[in-house]
Amino acid sequence: MKIRLNRAKTRSKAAAVIVLIVYFVFNLFPIYWIFVTSLKTDAEVYTPQPTFIPKHPTLENYKTIYTTRPYMRYTTNTILIAIGSTMSCIAFGAIAAYGFSRFKFAGNKGLRYIFLASRVFPPISLIIPIFMMIGWLKLYDTIIAQIIVNTYMWLPFFIWINISFFDTIPKEIDQAAQIDGCTRMQSFFRIAFPLALPGIAASSIITFLGTWNEFLYNLILGPTPRAKNLSVGASDFIADMFVSWNQMAAGAIIACIPAFIFVIFFQRYIVTGLTSGSVKG
Amino acid sequence: MKTNKKQILKDGQFGFLLILPSLLLLAMIVIFPVIHVCILSFMNDAGGKFVWIGFRNYKSILFDDPKFWAYFLNSIKYVVFGIGSAFIVGLIVALSLNTITRFKGISRTIALWAWAVPPVIASLMWKWLLNDTNGALNYLLMQAGILKNPVPWLSLPTGTMLILSQVHAWTSIPFIMVILLAGLQTIPADLYEVASIDGAGSLQKFKIITFPLLRPSILTSVMISAIFAFRTFDIVFTLTGGGPGESTEMLVTYVYNMAFVFVRLGYAAALSVLMVIISMLMVFLFVTIIPTKDLS
């Protein structure tokens with residue numbers, strides 16, 4: 001009996017390993033392919049017989065996009081927009097989540113759902129009024145406009161998942177701090193916020209990457225290099241008459257770098273952020 | 001004593017004060033635009049002037065615009081095919097990750113990898129892989145003897161919609177996998193042992209134990225990724241641009257073209273409002289399927 005059970009276990013484990021190997025190839029090959037393409041010379045890209053390991057690996061494509069296109073500008077824009085939006089989500093969102101989690105007031109529940117509902121709107125459905133509003137505010141084609149729209153897209157998510165993180169911190173801890181003479185604001189900054197930091201970090205990472213990857217609003221509100229980000233910058237290559245695939249590949253790899261770093265070093269936070277965001281979503 | 005003196009505001013008022021900045025911000029960049037888009041949807045802006053025309057935009061969209069229904073159908077195909085296959089693959093991968101005992105950490109990192117790729121970049125990657133003259137897929141399939149001639153994957157007379165949706169699937173497998181894996185980990189291992197002793201096979205165990213206990217995770221992951229698939233713009237815009245012909249035009253691209261190519265803002269606003277309503281209906285549909293106790 002036991003032997004049979006063990007044999008079944010080994011068999012299902014072997015099947016799992018095979019499934020995973022197949023999936024990993026499917027998952028990683030496109031990324032590997034774009035990476036090797038970014039290292040190839042023009043001659044090697046435009047042959048009917050593609051090579052799987054570049055014959056003459058070169059960083060020429062990276063150099064070209066940074067010298068012949070405003071890629072430096074796109075890179076700094078993307079970094080500024082991502083950092084600015086994440087900071088504004090933390091500044092507005094952390095105290096709001098704390099307020100929702102800790103205090104009873106009329107409309108607490110209703111307001112939570114208003115915040116959540118704003119995340120259900122497809123971003124494209126608000127593009128016309130926001131386009132007009134950004135025009136009235138004279139913010140068209142600016143980084144500020146990008147930070148504003150990305151905050152709209154991520155603040156509700158940020159508040160929503162941090163409410164659940166604050167809920168896990170016992171109320172008694174901040175009450176004890178207040179008895180010891182802290183004001184409510186101090187007990188937030190000194191006690192609750194540091195304790196909620198893993199949750200804040202998880203939601204900040206997801207907000208940062210979501211902003212980094214944003215495409216639609218950047219395409220429409222940032223048509224020139226003044227506010228253009230790396231996602232839209234990379235898609236510009238395919239609008240060319242002659243698509244330079246190896247240069248496009250180099251641009252694509254640049255756009256992927258922060259996300260790859262986060263996945264390697266902060267995988268745990270990403271998983272926490274994704275799961276807690278959806279359990280209550 | 002000291003604390004009470006400082007508290008001018010009651011706890012509830014203080015709590016409200018904490019959410020006030022976010023609320024004002026949201027009022028400016030969400031609530032006001034929502035009202036604005038609703039007003040615009042009742043207007044016609046031919047000739048640059050907005051004129052109130054009542055429900056006429058909605059009437060022409062729903063009754064006189066065959067494109068709307070064709071593109072709506074494409075949006076549904078995109079969601080159903082894309083999320084359908086992402087769910088099947090995500091489930092199989094999550095089950096496999098839950099079964100292995102060695103290299104767990106690294107396997108999870110690799111399985112999550114595609115999630116980190118920006119959607120536009122994923123789309124460009126596949127555009128290059130699927131390229132008809134220099135693409136790797138055609139080369140591999142021809143080497144393997146499966147294809148004789150290169151196939152123009154992204155400009156097929158039929159079926160391009162299906163390929164497009166599968167690129168979307170590639171991007172959303174990791175998310176579904178993460179949620180399902182988290183759900184699988186909450187299922188106690190004893191249950192499976194009891195079932196094994198009772199002589200249940202793998203398939204039976206899946207049916208009796210895994211599936212019912214995983215149901216909440218399945219529904220939430222599918223709901224969230226379906227809502228996000230419905231609004232996805234970047235992938236279709238860069239991969240096919242709605243082509244060949246109009247075979248992959250969807251509601252998102254329709255709104256975009258109406259507003260920024262044909263500059264019919266009133267009509268586009270009405271389409272936008274319809275998209276919000278459809279999204280809300282999708283949420284409503286899923287929430288009614290999920291029993292409320294599963295939500296917490």
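User: In chain B, how much of the contacts between residues at least 6 apart in sequence join residues at least 24 apart?
Analyst: That share is 69%. Two residues are in contact here if their C-beta atoms, placed from the backbone, lie within 7 Å. Before you read on, this is a predicted model, where local features need pLDDT of at least 70, side-chain atom pairs count only at pLDDT 80 or more, and totals for chains, interfaces and linings use all residues. Residues are numbered from 1 along each chain as its sequence is written, while chains are lettered from A and ligands numbered from 1 in the order in which they are written.

User: And what share do residues 24 or more positions apart have in chain A?
Analyst: In chain A they account for 76% of the contacts with a separation of 6 or more.

User: How many helices and strands does chain B have?
Analyst: Chain B has 14 helices and two strands. Helices (H or I, at least four residues) and strands (E, at least two) are DSSP runs, numbered from the N terminus. Chain A has 14 helices and zero strands.

User: Is chain A spread out or compact?
Analyst: Chain A has a radius of gyration of 24 Å, well over the 19 Å from the globule rule for 281 residues, so chain A is more spread out than a compact globule. The radius is taken over C-alpha atoms, and the rule is 2.2 Å times the number of residues to the power 0.38. The C-alpha trace of chain A spans about 75 × 75 × 35 Å along its principal axes.

User: What percentage of chain B is buried?
Analyst: Buried residues make up 41% of its 296 residues. For chain A, 46% of the 281 residues count as buried. A residue is buried if 20 or more other C-beta atoms lie within 10 Å of its own, exposed if 12 or fewer, and partly exposed in between, with C-beta atoms placed from the backbone.

User: Switching to the interface: how many residues of chain A are in contact with chain B?
Analyst: 80 residues of chain A are in contact with 81 residues of chain B. On the chain A side, helix H1 (residues 2-38) gives the largest share, with 16 residues. That side divides into 58 nonpolar, 18 polar and four charged residues. Nonpolar here means Ala, Val, Leu, Ile, Met, Phe, Trp, Tyr, Cys and Pro, charged means Asp, Glu, Lys and Arg, and the others, Gly among them, are polar.

User: Which residues does B:Ala116 touch?
Analyst: Leaving out residues up to four places away in sequence, B:Ala116 touches A:Cys256, A:Ala259, A:Phe260, A:Phe262 and A:Val263. B:Ala116 sits in helix H5 (residues 104-116) of chain B.

User: Is B:Ala116 buried or exposed?
Analyst: B:Ala116 is buried, because 24 other C-beta atoms lie within 10 Å. B:Ala116 and B:Pro174 are 58 residues apart in sequence, and 9.1 Å apart in space, C-alpha to C-alpha.

User: What about B:Ala189, buried or exposed?
Analyst: B:Ala189 is exposed, with 8 other C-beta atoms within 10 Å. Helix H9 (residues 189-197) of chain B holds B:Ala189.

User: Now a loop. What is phi of A:Lys138?
Analyst: Phi of A:Lys138 is near 55°, a positive value in a residue other than glycine. Most residues other than glycine have a negative phi. A:Lys138 lies in the loop between helix H6 (127-136) and H7 of chain A, and A:Lys138 is exposed, with 8 other C-beta atoms within 10 Å.

User: Where is B:Val263?
Analyst: B:Val263 is in the loop between helix H12 (251-260) and helix H13 (265-289) of chain B. Although B:Val263 is not a glycine, its phi is positive, about 45°. B:Val263 is partly exposed, with 13 other C-beta atoms within 10 Å.
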